[in-house]
Amino acid sequence: MAQYNIKELRLELKRLLNDLCGSARFEQLFSSATIWDWIKVHRKEIPDYISFNFGMTRFVFWDNRYCEVVFKVLINDCDIDYNANEEFIYNKACEYHVEKWFAWMVKVDSYEFGDNKIDFYAMEFCESDCDEITSEIESRHREENESNGVESTEESYDGSEEDMEYLMYSKYDQVSVDDLYNFLREFHVNDTHCGNWGYKDGDLILIDFGGYDRDLMALAEEAAK
Ligand SMILES: Nc1ncnc2c1ncn2[C@@H]1O[C@H](COP(=O)(O)OP(=O)(O)O)[C@@H](O)[C@H]1O
Ligand SMILES: [Mg+2]
């Protein structure tokens with residue numbers, strides 16, 4: 001099961017928000033809909049020890065002196081709550097005993113910034129590095145070719161969902177990877193390209209499993225009722 005303590009996560013979140021809001025007028029970020037533009041202008045005001053990253057739907061930030069946990073908020077004003085989907089999937093993964101393949105994920109708190117109510121989720125920190133993952137894919141293909149006596153071509157891999165599935169089967173035992181992919185298919189978790197995986201102690205685990213498949217959303221909504 002999860003290795004987090006919600007009380008400690010709340011304290012950590014509060015501290016980070018105080019640092020962000022106090023020094024960088026960060027509350028503007030959370031009250032505005034133009035998160036990208038705000039960061040472009042105010043990047044220098046953000047303390048050095050706070051790292052952040054964006055995906056298409058989420059803003060992710062953490063204290064890089066500890067690197068144990070990241071906080072995730074939605075950046076888009078959209079109907080789909082990818083964070084809630086992710087928490088739903090993590091809980092299901094625990095129920096199905098496949099949680100070792102997922103970074104733990106939990107809702108921590110909601111705060112109001114102006115008219116915006118923001119839900120903050122916490123997730124286990126992982127090294128997210130697509131280049132490292134794709135070079136691992138390349139070297140595994142090379143090794144496989146060598147052991148089959150086939151000459152390696154100059155093929156390059158972009159870490160697509162198919163590339164990731166190849167890597168997982170080549171790196172881990174078939175039965176447990178079958179369990180993972182059966183679970184992902186059953187719960188319609190898509191978009192599992194290399195940008196959505198991270199390394200934890202050298203092992204690959206999913207860090208973005210909120211998906212965008214309609215069937216997953218329907219399941220998560222049903223569970224939230
Ligand atoms: N658990 C994590 N540990 C470290 N970095 C993370 C973690 N989760 C997300 N990130 C970083 O934030 C980026 C955006 O997060 P992600 O969950 O992929 O959001 P989106 O749904 O917008 O793609 C990721 O590509 C990654 O670089
Ligand atoms: Mg992503």
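View 1. The chain is divided into domain 1 (6-124) and domain 2 (130-224), with bounds from an automatic or database domain assignment. Contact between the domains involves 17 residues of domain 1 and 18 residues of domain 2, two residues being in contact if their C-beta atoms, placed from the backbone, lie within 7 Å. Helix α4 gives nine residues, the largest share of the side of domain 1 that touches domain 2. By class, that side of domain 1 has twelve nonpolar, three polar and two charged residues (Ala, Val, Leu, Ile, Met, Phe, Trp, Tyr, Cys and Pro count as nonpolar, Asp, Glu, Lys and Arg as charged, and the others, Gly among them, as polar).

Residues are numbered from 1 along each chain as its sequence is written, while chains are lettered from A and ligands numbered from 1 in the order in which they are written. The model is predicted: local features need pLDDT of at least 70, side-chain atom pairs count only at pLDDT 80 or more, and totals for chains, interfaces and linings use all residues.

**View 2. Crossing of α4 and α8.** The axes of helix α4 (residues 82-95) and helix α8 (residues 214-224) come within 10 Å and cross at roughly 80 degrees. Axes are lines fitted to C-alpha atoms, for helices over the stretch in contact, and angles run from 0 to 180 degrees between N-to-C directions. Helices (H or I, at least four residues) and strands (E, at least two) are DSSP runs, numbered from the N terminus. The two helices α4 and α8 are therefore roughly perpendicular to each other (under 35 degrees counts as roughly parallel, over 145 as roughly antiparallel, 65 to 115 as roughly perpendicular and the rest as oblique). Ala84, Asn85 and Phe88 of α4 meet Leu216, Met217, Ala220, Ala223 and Ala224 of α8. This contact has seven nonpolar, one polar and no charged residues.

**View 3. Surroundings of ligand 1.** Ligand 1 is surrounded by 21 residues, the closest being Asn53, Gly55, Arg58, Val60 and Asp208; a residue is near a molecule or strand if its C-beta atom, placed from the backbone, lies within 6 Å of it. Strands β1 (50-54), β2 (58-63) and β5 (116-124) each supply at least two residues of this shell. Domain 1 and domain 2 each contribute at least three residues to the shell. By class, the shell divides into ten nonpolar, eight polar and three charged residues.
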